[in-house]
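Please keep the model open while reading.

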Amino acid sequence: ATVLILGSFILLSVPLGLFSGLYRTVGEFSRGAIIDNTRELLLVLFLAVFLFFKSGFMAIALIHIFLLFTVSGFAFFDFKRRYPEINLGFKEADWRMSFSFVGPGLLFFLVLLSDALKIQGSVLVISSTLGVLMVAIFSIHRTLGNLILKIVGSVRNAVWPELTVTESRGDYGKMQMAHGFLIKISLLLSFTFAVFLFFAGEGIIGLWTGGKISFSPLLWLILISYLPINALWEASGTIQLATNRHRKYA
């Protein structure tokens, strides 16, 4: 039942995510970002409460569905209130145009699929070869390291809409400046946090897990060394994704 609920959450996230994407199309990216961030924050808070009261897996999975429908519903009615001239129904849908989105959509799907393979594939390989204990150790280390990528990703997402608008205007000089900014800020943040975590990682993991997960210095060194490399890749990849040149990226 839990797998079914979480699977439904992933499938429903795609169409319901269009509501938050509407804000980007009308130049209100910040409002859409606030709504998305509010959902993420509420999810963390609800998870903390449910875990504190030792709720089951199914209850935790249902939180995801509940917040998805609640926040998406708010975004839908908020958008209709602010832009009543835009029809969000199927009455005036252009099906020929809709089918033209299938090709580009599949390429974006490949990007998401590669992320899933990168994240879950390594866990499955470790589980089948080294056992579940190593899965716990690896996942804890990687999750802490990936917090840096989340921070860097927030900068990338903030610049994304501006890159799209700039490219549509043909202002490639400004795009070059934006690319340079993304590279510099991504490397600065990733290197800064990598150095901090190099010294503080063992203490954080010990505090986080109550000393139940052993710290692996070599694994930790490899993971945080990967962070600046990945930040560099994501910064340049944003240019391709933001300007509809995602075929090579995919």
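## Terms and model

A crossing is left-handed if the near helix is turned anticlockwise from the far one by less than a right angle, and right-handed if clockwise. Helices are DSSP runs (H or I, at least four residues), numbered from the N terminus.

This is a predicted model: local features need pLDDT of at least 70, side-chain atom pairs count only at pLDDT 80 or more, and totals for chains, interfaces and linings use all residues. Residues are numbered from 1 along each chain as its sequence is written, and side-chain values use heavy atoms, with hydrogens and water left out.

## H6 against H7

The crossing of H6 and H7 is right-handed. H6 spans residues 132–168 and H7 spans residues 172–209. Their axes come within 8 Å and cross at roughly 165 degrees. Axes here are lines fitted to C-alpha atoms, for helices over the stretch in contact, and angles run from 0 to 180 degrees between N-to-C directions. H6 and H7 are therefore roughly antiparallel (over 145 degrees). Their contact has 21 nonpolar, 7 polar and 4 charged residues. Ala, Val, Leu, Ile, Met, Phe, Trp, Tyr, Cys and Pro count as nonpolar, Asp, Glu, Lys and Arg as charged, and the others, Gly among them, as polar.

H6 bends by about 30 degrees at Trp160. The bend is the angle between axes fitted to the seven residues ending there and the seven starting there. A proline, Pro161, follows within four residues. After H6 comes Gly170, with a positive phi near 75 degrees.

## H2 against H3

H2 (residues 29–52) and H3 (residues 57–82) have axes that come within 10 Å and cross at roughly 155 degrees. That makes H2 roughly antiparallel to H3. The crossing of H2 and H3 is right-handed. Contact means heavy atoms within 4.5 Å. Among the contact residues are Ile35, Leu42 and Phe46 of H2 and Ile63, Leu67 and Phe74 of H3. By class, the contact of H2 with H3 has 15 nonpolar, 1 polar and 5 charged residues.

## Single residues

Thr38 sits in H2. Thr38 is partly exposed, at 38% relative accessible area. Buried means under 20%, exposed over 50%, partly exposed in between (1.4 Å probe, protein chains only).

Lys54 lies in the loop between H2 and H3. Its phi is positive, about 55 degrees, although Lys54 is not a glycine. Lys54 counts as exposed, at 74% relative accessibility. Asn244, in the loop between H8 (217–242) and H9 (246–249), has a positive phi of about 60 degrees. Asn244 counts as exposed, at 63%.

Conventions. Helix = DSSP H or I, 4+ residues; strand = E, 2+ residues; numbered from the N terminus. Parallel < 35°, antiparallel > 145°, perpendicular 65-115°, else oblique.
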